[in-house]
Amino acid sequence: MLMPILQIHSEDMPAYAIVCGDPARAEKISRKLENARELAFSREYRTFVGEYEGVQMAVVSHGVGSPGAAVCFEELIRAGVKTLIRVGTAGSYTADYPAGSVIVSTAAVRSDGLTRQLVPDGFPAVADIDVTSALVAAARQTDRGISEVAKVGVGITVTLDAFFTGVEEIPHRKYKQAGALAAEMEIAALYIVSTLRGARAGAIVAIDGFADSDLAAEYDPHTDAVAKAVEHEIEAALRALAALARQDQA
Ligand SMILES: O=P(O)(O)O[C@H]1O[C@H](CO)[C@@H](O)[C@H]1O
Ligand SMILES: O=c1cc[nH]c(=O)[nH]1
């Protein structure tokens with residue numbers, strides 16, 4: 001069956017997928033797969049399939065923001081994907097995790113508009129526990145080339161719609177005070193869509209600065225520290241998916 005927006009056929013889709021915002025990051029991840037091939041590049045959605053440690057998996061970009069990303073997650077799950085890991089970037093709320101760190105998201109604050117149109121207020125956006133455990137274990141391993149400089153945090157992230165500030169205050173302060181570790185723009189959508197459609201999901205983000213700084217002046221995700229953290233999270237996600245597939249087969 002053809003998925004009308006991603007332009008992929010369900011017959012080509014494996015059960016495991018890595019998703020990320022940037023089509024260029026999807027291409028970078030696909031280079032780590034064996035027998036990688038591109039299935040489609042439709043709108044912001046670029047889809048590759050290949051193998052990692054013998055496990056068939058897809059790598060798909062979902063663009064920036066929850067509404068567009070949710071379309072991607074919905075079609076991937078409809079096409080047969082059962083386990084999804086987001087490999088993203090985020091701004092930190094704490095000096096404990098500066099640029100170059102990585103954070104595994106255990107749950108996401110639903111400070112977005114999309115999920116309000118799917119589930120009631122108060123319904124939690126939570127990661128799957130097995131996916132999260134596999135991600136944490138893989139991210140903490142520092143052998144086999146994974147960067148030893150990245151600090152690995154585990155905790156709650158915030159999903160926002162706004163990136164640059166307007167005249168309203170973006171609600172960073174209260175979520176930071178409540179203990180959230182970082183903010184980004186799609187994890188809540190991933191967790192809610194996965195819960196609704198019976199798939200399991202997790203997420204890991206590379207920290208590229210502070211979420212509550214003046215992003216119009218300071219945002220720079222193109223530093224060496226961020227590149228190393230992205231490399232770290234990609235390796236962790238690939239290993240976690242392969243480990244989950246082995247657990248599923250056992
Ligand atoms: O690097 P990605 O995966 O796109 O994630 C983050 O970066 C984008 C903002 O620049 C948003 O999509 C945000 O969630
Ligand atoms: O949404 C995002 C993504 C990266 N960095 C941020 O500060 N915010």
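A nonpolar core, as the term is used here, is a set of buried Ala, Val, Leu, Ile, Met, Phe, Trp, Tyr and Cys residues joined through C-beta atoms within 7 Å. Keep that in mind for the views below, which come from a predicted model.

**Figure 1. The whole chain, before we zoom in.** The protein chain has seven helices and twelve strands. Its radius of gyration is 17 Å, close to the 18 Å that the globule rule gives for 250 residues, so the chain is as compact as a globular protein of that length. Along the principal axes, the C-alpha atoms fill a box of roughly 45 × 40 × 30 Å. Take the contacts between residues at least 6 apart in sequence, and 78% of them join residues at least 24 apart.

**Figure 2. Inside the largest nonpolar core.** This core has 86 residues, and those with the most contacts inside it are Ile-18, Ile-85, Leu-135, Ile-204, Ala-237 and Leu-241. Helix 7 (residues 224-249) supplies the largest share, ten residues. In soluble globular proteins, nonpolar side chains tend to be buried together.

**Figure 3. Ile-204 and its contacts.** Set aside the neighbours within four places in sequence, and Ile-204 is in contact with Ile-85, Val-87, Val-102, Val-104, Leu-135, Ala-139, Glu-233, Ala-236 and Ala-237.

**Figure 4. Helix 5, largely enclosed.** Eight of the eleven residues of helix 5 (residues 187-197) are buried, so the rest of the structure largely encloses this helix. The buried ones are Ile-187, Ala-188, Ala-189, Leu-190, Tyr-191, Ile-192, Val-193 and Ser-194. Just after the helix, look for Gly-198, which takes a positive phi of about 80°.

**Figure 5. The shell around ligand 2.** Surrounding ligand 2 are Thr-89, Ala-90, Gly-91, Phe-163, Ala-183, Glu-184, Met-185, Asp-208, Gly-209, Ala-211 and Leu-215. Strand 7 (83-92), strand 11 (182-184) and strand 12 (200-210) each give two or more residues to this shell, and strand 7 gives the most, with three. Sorted by class, the shell has six nonpolar, three polar and two charged residues.

**Figure 6. Asp-22 in its loop.** Asp-22 lies in the loop between strand 3 (16-20) and helix 1 (23-30). With 19 other C-beta atoms within 10 Å, Asp-22 is partly exposed, because a residue needs 20 or more to count as buried. Val-64 is 42 residues from Asp-22 in sequence, yet their C-alpha atoms are 7.8 Å apart in space.

Methods
Residues are numbered from 1 along each chain as its sequence is written. Chains are lettered from A and ligands numbered from 1 in the order in which they are written. This is a predicted model: local features need pLDDT of at least 70, side-chain atom pairs count only at pLDDT 80 or more; totals for chains, interfaces and linings use all residues. A residue is buried if 20 or more other C-beta atoms lie within 10 Å of its own, exposed if 12 or fewer, and partly exposed in between; C-beta atoms are placed from the backbone. Helices (H or I, at least four residues) and strands (E, at least two) are DSSP runs, numbered from the N terminus. Two residues are in contact if their C-beta atoms, placed from the backbone, lie within 7 Å. The radius of gyration is taken over C-alpha atoms; the globule rule is 2.2 Å times the number of residues to the power 0.38. A residue is near a molecule or strand if its C-beta atom, placed from the backbone, lies within 6 Å of it. Ala, Val, Leu, Ile, Met, Phe, Trp, Tyr, Cys and Pro count as nonpolar, Asp, Glu, Lys and Arg as charged, and the others, Gly among them, as polar.
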